[in-house]
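Please read the points below with the sequence and the model side by side. They are arranged by topic, and each can be checked on the display.

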Amino acid sequence: MMMGTMVSVEIVSDSPGIIAGIMEKVWSEAERLERVFSRYIPESEISLINREAGHRPVPINDEMMEVLSRAEDISRITDGAFDISVGPLMKKWGFFPEREGQLPSEAELAEVITRVGWQAIELNRSERTVHLLKPGMEIDLGALAKGYIVDKLAALLLEEGIENALVNAGGDIYCLGEYPGGRSWRIGMEHPRDEDEILTVLELKNRAVATSGDYRNYFIRSRLRYSHIIDPHTGRPAQSKVVEVSVMAPDCLTADGLATAIFVMGADKGIDLLRKIDDVDGVIVTKEAGEVIMHFSEN
Ligand code: AMP
Ligand code: MG
């Protein structure tokens, strides 16, 4: 378990004797990265950054700078649909630290939203610091840190001489090389309302896929579903009709971040975005009038 999700690694190798040693390195790398990025760990670098919100810039390492820079890029190209400063909203809606779920009042939401906004995350690349400009701001890397960690684990496997493997952190997946027999890795996309059913199969080779959906982390009140992906412009769980989106990209951080963003943006804007970015494709699933519909990007 890492960052609240199950992580699995499958390695294809002719010399099984080396696997145990490699796996030990993989798990210690995963734990190290979790201690940097997890908001559940009070001593993590992310927790430290959040504690200094409104006070002072915090020195960060290269990995944190990379993740925060990529988050900023994704916020920019998605017109703020992607925003890691949703931390206070995650708390207010009861998705963090427990997954209990609660409906905030209008007044509460109006207050919380004043502490949200990616433009108030100030990255200083020469000093290598980050400063959350408003008191009470909180960043939450749940939308892309798992993807980053998957990329790091896949890179580690490659360094260790493994050419074919699958790294999966709760559906954020990197497919290194091939499946035995010389074919691509095949990833089934789960049906958003029936976990025994597969919607479609994606084939990947040296490529990542990440999926966002409304069917794992949500609560229901008065027959309405509130899921853990928040539209930063309204402060409310996204209501875009998207129920599931899988994005394929050269790296898993990109796939992870874009999947979350497209969940907020909706199918039309999502397809437009996928069209604009090189080497990125996806499947966007909407539920309209009770019907589940798949929207595919060109490739
Ligand atoms: P994912 O499962 O990758 O779609 O990420 C969902 C997680 O990202 C949530 O549990 C929050 O921690 C965080 N999050 C929620 N809404 C947003 C948003 N609009 N932009 C960035 N991160 C978000
Ligand atoms: Mg994501």
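Predicted model: local features only at pLDDT ≥ 70, side-chain atom pairs only at ≥ 80, totals over all residues.

1. Residues are numbered from 1 along each chain as its sequence is written, chains are lettered from A and ligands numbered from 1 in the order in which they are written, and side-chain values use heavy atoms, with hydrogens and water left out.

2. Ligand 1 has 16 residues around it, of which Asp 140, Ser 212, His 228, Ile 230 and Thr 260 come nearest; a residue counts as near if one of its heavy atoms lies within 4 Å. By class, this shell holds 9 nonpolar residues, 4 polar and 3 charged. Here Ala, Val, Leu, Ile, Met, Phe, Trp, Tyr, Cys and Pro count as nonpolar, Asp, Glu, Lys and Arg as charged, and the others, Gly among them, as polar. Helix α7 (residues 252-265) gives the most to the shell, with 3 residues; helices are DSSP runs of H or I with at least four residues, and strands are runs of E with at least two, numbered from the N terminus.

3. Which backbone atom lies 2.7 Å from a nitrogen atom of ligand 1? It is a polar backbone atom of Ile 230. An oxygen atom of the ligand is 2.9 Å from an N or O atom in the side chain of Asp 256. The protein covers 93% of the 500 Å² of accessible area (Shrake-Rupley method, 1.4 Å probe) that ligand 1 has on its own.

4. The magnesium ion (ligand 2) is coordinated at 2.0 to 2.4 Å by Ala 143 (O), Asp 256 (O), Asp 256 (OD) and Thr 260 (OG1). Ala 143 lies in the loop between β4 (129-132) and α6 (145-159) and Thr 260 in helix α7, so the pair ties together parts that are 117 residues apart in sequence. Both Ala 143 and Thr 260 are buried, that is, under 20% relative accessible area (1.4 Å probe, protein chains only).

5. In strand β5 (residues 164-169), 5 of the 6 residues are buried. β5 pairs in the antiparallel sense with strand β1 (residues 7-12) over 6 bridges, and with strand β6 (residues 172-176) over 5 bridges; pairing requires at least two DSSP bridges between two strands. Ala 169 in β5 stands opposite Val 7, and its bridge partner in β6 is Asp 172.

6. β5 and β6 form a hairpin with 2 residues between them, and Gly 170 in the turn has a positive phi of about 55°.

Technical notes:
Polar contact = N/O pair within 3.5 Å; in protein donor to acceptor, adjacent residues only side chain to side chain. Buried < 20%, exposed > 50% of the residue type's maximum accessible area, 1.4 Å probe, protein only. Donors = N, O, S within 2.8 Å, 3.2 Å for Na, K, Ca; no water.
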